[in-house]
Amino acid sequence: MNHLSADKLLFATHNPAKVSELSRLVSPSKKIVSLADLNYKDEIPETGDTLEENALQKAQTIFKRFKIPCFSDDSGLFIEALNGEPGVHSAHYSGKRDYRINNQLVLEKLAGITNRKAYFKTIFCLIEADEKTTYFEGIVNGSIAEESTGENGFGYDPIFIPEGHTKTFGELSASVKKALSHRARATEKLIQYLGAKE
Ligand code: IMP
């Protein structure tokens, strides 16, 4: 059992960049607590077939352990011509957690295909003290470039061109990506919900 007070919200992720991004965005009356703050180092299972299943699994694992309100996130890239692949398998599409190899695999699979439509999606799953579970979705539409360009960001950024732009997320500045990314949109919804509850 844990004795953290109700103004604290636990983020079920081991990614420190995600924790600091969220901490800056929530109202000062809510404090984001990280797993590192609680010295929790175990790997969090994510064996679902969808982003929603994975997000739920992660949030439930952490809620069961600490018994305080918590949320998790799960994201992926969905490509229309590849029937939604890599989707929930985005992190290790080629079998390896290597961004360069995964990008190359996508470009190879799309060789000669004119339909380049794709979108990034993030799902947040929030579990409140009474175990009420709520999902928040963020999507950014776009297309897959013909080749990998740009060094900014991570993952599939060098091959993803957001709608309304001609450059990839790998070429666009961090501030442009932050303004329109799937994660930013899901974050906005989560924060609105939390704000409305205060
Ligand atoms: P996660 O659930 O946020 O860890 O994302 C899973 C995988 O989706 C990452 O390892 C990346 O391959 C891909 N991904 C998610 N968000 C982004 C993004 O903003 N840019 C590029 N790739 C992303």
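The structure is a predicted model, in which local features need pLDDT of at least 70 and side-chain atom pairs count only at pLDDT 80 or more, while totals for chains, interfaces and linings use all residues. Residues are numbered from 1 along each chain as its sequence is written, and side-chain values use heavy atoms, with hydrogens and water left out.

Around the ligand there are 14 residues, of which Lys18, Ser75, Asp157, Lys177 and Arg183 come nearest; a residue counts as near if one of its heavy atoms lies within 4 Å. By class, this shell has four nonpolar, five polar and five charged residues, with Asp, Glu, Lys and Arg counted as charged and Gly among the polar ones. Strand β3 (70-79) and helix α5 (182-196) each supply at least two residues of the shell, and β3 gives the largest share, three residues; helices (H or I, at least four residues) and strands (E, at least two) are DSSP runs numbered from the N terminus.

| Residue atom | Ligand atom | Distance |
|---|---|---|
| Ser75, backbone N or O | oxygen | 2.9 Å |
| Tyr156, polar backbone atom | nitrogen | 3.1 Å |
| Arg183, polar side-chain atom | oxygen | 2.9 Å |

Strand β1 (residues 8-11) pairs in the parallel sense with β2 (residues 31-34) over four bridges, and two bridges join β1 to β3, also in parallel, where pairing requires at least two DSSP bridges. Phe11 has Ser34 as its bridge partner in β2 and Phe71 as its bridge partner in β3.

Definitions and conventions:
Polar contact = N/O pair within 3.5 Å; in protein donor to acceptor, adjacent residues only side chain to side chain.
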